[in-house]
Amino acid sequence: MCGIVGGVSNKPIRNYLIEGLKTIEYRGYDSAGIAVFNGKKAEIYKVRGRVEDLDNKLEKRIDGLVGIGHTRWATHGEPSVINAHPHASKSGLFSIVHNGVIENFRAVKNALMEKGYSFLSETDTEVIANVIEENYRHTGDVYKAISKMMSDVKGSYALAILFSKEPDIIYFAKNRSPLLIGRGQNGNFLASDYLPMLKVADQFVTISDYQYGSISLDDIKMFGRNDHPLPIVFHETELKPEALDLNGYPHYMLKEIEEADSCVKLLVDNYYDGKSFLFDKEMMRQIKEADNIVFLACGTSYHACLLGSRFFRKAGKISDVYIASEWAYNPYTSGKKTVYIFMSQSGETADLIHCLSVAKKMDGTIITITNTQGSTLSRSADHTLLLYAGIEVAVASTKAYVAQVSALALLAGALNDDASVIADLEAVIAAQQSVIDNHDKIKNLASFVSGKNDVYFLGRGLDYDLALECSLKLKEITYIHSEAFPGGELKHGPIALIEKDTPVIGFISDAKTELAMRSNLHEVEARGARVIVVSSITLAHPEDDFVVPYAPKYLSSLVKVLFGQYLAYYVALKRGLNIDKPRNLAKSVTVE
Ligand code: M6R
């Protein structure tokens, strides 16, 4: 969480900082700030609130050519101007922005206080600024001060650092939080990901853990562990700035929901050439030889894996799914030859990075499935599968879920060289298109739901996995309390929650459980619930509220999930909420 930018340019840096921060505001948005060298002094401007508020507050013309910026998701200290970044060291020698969490910050802070340092904010970042200042006082060299800071503090950090005696340089350091350098015609830049730099840079350098260095107008210096200078290796990215255009949509979430069908198509095109699957042969061999597949993920990605493990079991593989933050502290595999599948849209999720270090010690093959090329999880895996979903800007994940489930279906198909999955996904694409064309009915249902305090989702089997995802979507962007239950569990407790007009949304995709599911829905209806039935066309009753066109049963969630996504979207719209940036959340969860 938190996004950082920095740049040394031959043009005023203000607009790069502000526009850049806007593109990574999904990483956190409770406060924002920039520091720009104005003559010899770094001027700091901060607000509580959004980057737009900062933009409005700043003078339009700030001439400085060198600056750093930050958009914050609070970890240490409440969202406030004082806690907003950049933070200056005691004497003002250093100003820094930080993404990450310093685990030993209390001990380090106490040690500094004993040396006479005092602090304005509650943040761990101000502690780092002062550690660097203290180290500089002893070494008289900024690189040495940063290198020592990296052994003094424990935790995660991506740092951009201004040093008031060198107003044409930005220093940086990185451990466990992402940081990239971009080189363009008008200077060198830094950011938490590619997005801020797409308009100003065309060549990029990925900074790895325990690396530090500096950028100036025409130079980049990087050092690794043991302070050895490192070669600068540039790469390009396929991401285009146009990917951030809303194309006439009012919100990214709506745009991204309606990209579902094209996501499925792109995945099929990338992993099937019309005759055979295009997955890495060595990776396929390792999956086939594995005696257990362990899926690790969080949130929406976890829900995608619940379905994925069903596909793998059907394809003959023993497989288990774990919430990453749970598995990290209680790791388990029943196999002797395990393949770990790390599923992550962002590829930067801290809980998964923790699991990665655990899984590496347990031996086995690590596969990352991610939408983010070059991400930490991708770089640390034995194999990476890209999701090709394009940038997902809205904090609530929609098209990435569709791509995740589709990728797992393709992979499970490839296990037994069963190309029927291709025709099945083509049926999904047609059905998704039909839901997109006919989603007005969901808007009407959303009007009813928007006035409620509690909403329940019910499903059995794969519909329960889907219910979990739809419930998460609703709660995260509408702030309505919502839970998902397996249909059969209701009578074992949750039915006590049902009151008059409580919305209960039931999914019906499987002939085997249809009757049991309809009985469960009758039971809640008899207790006053307003039941909303979402069924597959092959099982539909005339009175069902929303019927989706044919898709093979095992992939039906790829179609019905659009119902849940639209419902959440229109409820949030009706409630007048900030749909793309819901409260308290961030897109890339880089702290545990
Ligand atoms: O980037 P990841 O897929 O690892 O993120 C996992 C979750 O944080 C994420 O899916 C989260 O649940 C979304 N906000 C859901 O919409």
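Predicted model: local features only at pLDDT ≥ 70, side-chain atom pairs only at ≥ 80, totals over all residues.
Start with the ligand. It is surrounded by 15 residues, and the closest are Ser301, Ser344, Ser346, Thr349 and Glu476. Sorted by class, this shell holds 8 polar, 5 nonpolar and 2 charged residues. Two helices, helix 9 (299-314) and helix 16 (462-478), each contribute at least two residues to the shell. Residues of the shell come from both domain 2 (252-437) and domain 3 (439-581), so the ligand lies between these domains.

Next come single atom pairs. Threonine 349 has a polar side-chain atom 2.5 Å from an oxygen atom of the ligand. Backbone atoms take part as well: a polar backbone atom of serine 397 is 2.8 Å from an oxygen atom of the ligand, and a polar backbone atom of valine 395 is 3.4 Å from a nitrogen atom of the ligand. On its own the ligand has 410 Å² of accessible area, and the protein covers 90% of that area.

Now turn to serine 9, which is part of strand 1 (residues 3-9). Is serine 9 buried or exposed? Its relative accessible area is 7%, and buried means under 20%, so serine 9 is buried. Leaving aside residues up to four places away in sequence, serine 9 touches Leu65, Asn186, Gly187, Phe189 and Leu217. With one of these, asparagine 186, there is a polar contact: the side chain of serine 9 reaches the backbone oxygen of asparagine 186 at 2.8 Å. Serine 9 and isoleucine 170 are 161 residues apart along the chain, and their C-alpha atoms are separated by 11 Å.

Notes: Residues numbered from 1 in each chain as written. Heavy atoms only, no water. Near = heavy atom within 4 Å. Polar contact = N/O pair within 3.5 Å; in protein donor to acceptor, adjacent residues only side chain to side chain. Areas by Shrake-Rupley, 256 points an atom, 1.4 Å probe, with all protein chains shown as cover. Helix = DSSP H or I, 4+ residues; strand = E, 2+ residues; numbered from the N terminus. Nonpolar A, V, L, I, M, F, W, Y, C, P; charged D, E, K, R; others polar. Domains from an automatic or database assignment. Buried < 20%, exposed > 50% of the residue type's maximum accessible area, 1.4 Å probe, protein only. Contact = heavy atoms within 4.5 Å.
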